[in-house]
Each structure stands twice: as structure tokens, then as C-alpha cells.
Amino acid sequence: MAAALKLFSRHGYDGTSVRMIAEESRVAQGLMYAYFPGKEALLQALFRQSMEDVQGSFAAVEAIRHPRERLRAYILGIADVIRQHLEFWRLSYGVRMQPSVLAALGPSTREWTRLIRDTLENWLREAGVDEPEVEARLLFATIDGVCQHFVLEPRRYPLDEVLHRLADRYATRRRP
């Protein structure tokens, strides 16, 4: 999977063949098919892995009773997730907006996005935030943007400071 993501990022999804992936991962092409029926299934597995990271970050804070503290813990926990899998997320951001990738993922992308947005919306509603539907979209887009900027410059981007500032805004205010 790591070899596929690296090649999808470097050559594009369309420009990467199963043969190239097998060579990069130093396995026989036939062995690749024992694990994945094709390149599209491999792509699906990669994006399931990213959703496992996201779902894990939600699960890590779900037990926190106070809605604003849950939001705060979630936002601050993003730093750990992105740092633990930095190379994956760097490559993933490079791959995910390719038209052929969006087509191959199809409804999965919309479903994953809806799941994240719905979770954030519910938490914001519980926290008493006005217009939780809009705020969920804003928060989701902000988190996504922060992560993208961090993976571009992990040594220079002030991830912790940015996430603390974002967490403070959602932990203390009611109105956008």
C-alpha cells in the first residue's frame, strides 16, 4: 500500500500500473493480485486507512462528556494523528484530488466526508454552537487545510500553536 501511494503521488493514479506497484514493493505482480483484485481496490484500501485514522481520532475523545472539551480534545489530537502517519498524509493529500482518483473512489468519498461532517455537526450542536451545519463545514475545511499546510512544511509549520488557537475558539465561544 505504501508503494502504491508513493507511485500514485509521483506519477498520478492513471500513470501508475500494477506492474509498477509490484516492482516498487519488490513483490511479484501475481502476488499483488492475491491481496488486491486491482489498482482500484488498492486505492480503496488506502482511503479506508485514512478513514481509520479519522475514526480513531473521533473514538479517542467520544467518552469525554462535556461537548466543548470533546471538541477541544479532538482538535488537539489531530497533531498526533498527522505526525504519526506524516508520510501517508503527505502522499494522500497529493493523490486525493486527482480526477481519476475521485472517479475511482466514487460514492465512498462523499460517504466519508458526510460521516466526518455529521460527527462534527453533532458535537457542535451539543456544544450549543449556532448554525452547527455551517460551523461543521468550516471546522472540517479548516482542519483539512491546517493538515495540508503542515504536511507541506512539517519542520516550519506551527501545528501545535495553530491547533491550540483553533481549539480555544471552539471551546470558548458560542457564536461564529
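**Salt bridges in an all-helix model**

A search of the whole structure finds 11 salt bridges. A salt bridge here is a side-chain nitrogen of Lys or Arg within 4 Å of a carboxyl oxygen of Asp or Glu. Side chains of opposite charge can pair when their charged atoms come close.

The model is predicted: local features need pLDDT of at least 70, side-chain atom pairs count only at pLDDT 80 or more, and totals for chains, interfaces and linings use all residues. Residues are numbered from 1 along each chain as its sequence is written, and side-chain values use heavy atoms, with hydrogens and water left out.

Start with the overall build. The protein has 10 helices and zero strands. From the N terminus on, its elements run α-α-α-α-α-α-α-α-α-α. Helices (H or I, at least four residues) and strands (E, at least two) are DSSP runs, numbered from the N terminus. Along the principal axes, the C-alpha atoms fill a box of roughly 55 × 35 × 30 Å.

Next comes the chain's packing. Of the 176 residues, 44% count as buried. Buried means under 20% relative accessible area, exposed means over 50%, and partly exposed lies in between (1.4 Å probe, protein chains only). Among contacts between residues at least 6 apart in sequence, 68% join residues at least 24 apart. A contact means heavy atoms within 4.5 Å.

Now return to the salt bridges. The side chains of Lys 6 and Glu 24 meet in one of them, at 3.0 Å from N to O. Lys 6 lies in helix α1 (residues 2–11) and Glu 24 in helix α2 (residues 18–25), so the pair ties together parts that are 18 residues apart in sequence. Lys 6 is partly exposed, because its relative accessibility is 33%. Glu 24 is also partly exposed, with a relative accessible area of 30%.

Another bridge joins the side chains of Glu 126 and Arg 70, at 2.7 Å from N to O. Glu 126 belongs to helix α8 (residues 107–126) and Arg 70 to helix α5 (residues 67–84), so this pair ties together parts that are 56 residues apart in sequence. Glu 126 counts as partly exposed, at 47% relative accessibility.

Glu 111 forms a salt bridge with Arg 114, and their closest N and O atoms are 2.5 Å apart. Both residues lie in helix α8, three residues apart, about one turn of the helix. Glu 111 is partly exposed at 39% relative accessibility. Arg 114 is partly exposed too, with a relative accessible area of 35%. Glu 111, Arg 114 and Asp 118 are linked in a network of salt bridges.

Charge can also be viewed across the whole protein. The mean positions of its 25 positive and 23 negative charges are 2 Å apart. Lys and Arg count as positive and Asp and Glu as negative, while His and the chain ends are not counted. Each charge is placed at NZ of Lys, CZ of Arg, CG of Asp or CD of Glu.

Finally, look at the surface. The accessible surface comes to about 9,800 Å², of which 52% belongs to carbon and sulfur atoms. Such areas come from the Shrake-Rupley method with a 1.4 Å probe; for residues, only the protein chains shown count as cover. Val 27, Leu 31 and Tyr 35 form a nonpolar patch on the surface, with about 300 Å² of accessible area together. Patches are made of residues with over 30% relative accessible area and no salt bridge: like charges are joined within 9 Å, nonpolar side chains (Val, Leu, Ile, Met, Phe, Trp, Tyr) within 5 Å. Leu 31 has its place in helix α3 (residues 29–35). Leu 31 counts as partly exposed, at 40% relative accessibility.
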